[in-house]
Amino acid sequence: MIDWVMAQALQAAPSLSGFEGFEVIDLEYADDIAALAGNEANGQMILDKIDQAASKLGLNISGPKTKIVSFGIAPVNIIFRGSPLDVV
């Protein structure tokens, strides 16, 4: 199910250049997802699309468990269902 959610959510999402020419958009393990974005706007768009796709299958993202990690850019403000997410 997670693969379907991510395929639906990230169809047109911008990818980050990975190692040896691979394009990286997300990392998945069991029911955990790490979505990668190059800026705040893309991060917000990706989270919104993942939430929309997951809800089609009756799956819910846990707002309190969802965290933002920011590397090398100014602090970001990603909103999930009306509340800002914690930046760790």
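Reader: Is lysine 67 buried, partly exposed or exposed?
Author: Lysine 67 is partly exposed, with a relative accessible area of 38%. Buried means under 20% relative accessible area, exposed means over 50%, and partly exposed is in between (1.4 Å probe, protein chains only).

Reader: Before we go on, what kind of model is this?
Author: It is a predicted model: local features need pLDDT of at least 70, side-chain atom pairs count only at pLDDT 80 or more, and totals for chains, interfaces and linings use all residues. Residues are numbered from 1 along each chain as its sequence is written, and side-chain values use heavy atoms, with hydrogens and water left out.

Reader: What is the mean pLDDT of the chain?
Author: The mean is 80. Of the residues, 80% reach 70 or more. pLDDT is the predictor's confidence in each residue, from 0 to 100.

Reader: And where is confidence lowest?
Author: In strand β1 (residues 16-17), at a mean of 47. It is highest in strand β6 (residues 79-80), at 96. Helices (H or I, at least four residues) and strands (E, at least two) are DSSP runs, numbered from the N terminus.

Reader: Back to lysine 67. What does it form a salt bridge with?
Author: With aspartate 86. The closest N and O atoms are 3.1 Å apart. Lysine 67 is in strand β5 (residues 67-68) and aspartate 86 in strand β8 (residues 86-87), 19 residues apart. Aspartate 86 is partly exposed too, at 45% relative accessibility. A salt bridge needs a side-chain nitrogen of Lys or Arg within 4 Å of a carboxyl oxygen of Asp or Glu.

Reader: How many salt bridges does that rule give?
Author: Two. Aspartate 51 and arginine 81 also meet in one, at 2.7 Å, N to O. Aspartate 51 lies in helix α2 (residues 40-56) and arginine 81 in the loop between β6 and β7 (83-84), so the pair ties together parts that are 30 residues apart in sequence.

Reader: Which is aspartate 51, buried or exposed?
Author: Aspartate 51 is buried, with a relative accessible area of 16%. Arginine 81 is exposed, at 52%.

Reader: What else is aspartate 51 in contact with?
Author: Leaving aside neighbours within four places in sequence, aspartate 51 is in contact with Ile61, Phe80 and Arg81. Contact means heavy atoms within 4.5 Å.

Reader: New topic: the largest nonpolar core. Which residues touch the most other members?
Author: Val5, Leu47, Ile50, Ile78 and Leu85, out of 14 residues. Such a core is a set of buried Ala, Val, Leu, Ile, Met, Phe, Trp, Tyr and Cys residues joined through side-chain atoms within 4.5 Å.

Reader: Which elements give two or more residues to it?
Author: α1 (2-9) and α2. The largest share, five residues, comes from α2.

Reader: What does leucine 85 contact?
Author: Beyond its neighbours within four places in sequence, leucine 85 is in contact with Leu47, Gly63, Thr66, Ile68, Ile78 and Phe80.

Reader: And alanine 9, where is that found?
Author: In helix α1. Alanine 9 counts as buried, at 3% relative accessibility. Not counting residues up to four places away in sequence, alanine 9 touches Lys49, Ile50 and Ala53.

Reader: How far is alanine 9 from leucine 47 in space?
Author: They are 8.5 Å apart, C-alpha to C-alpha, and 38 residues apart in sequence.
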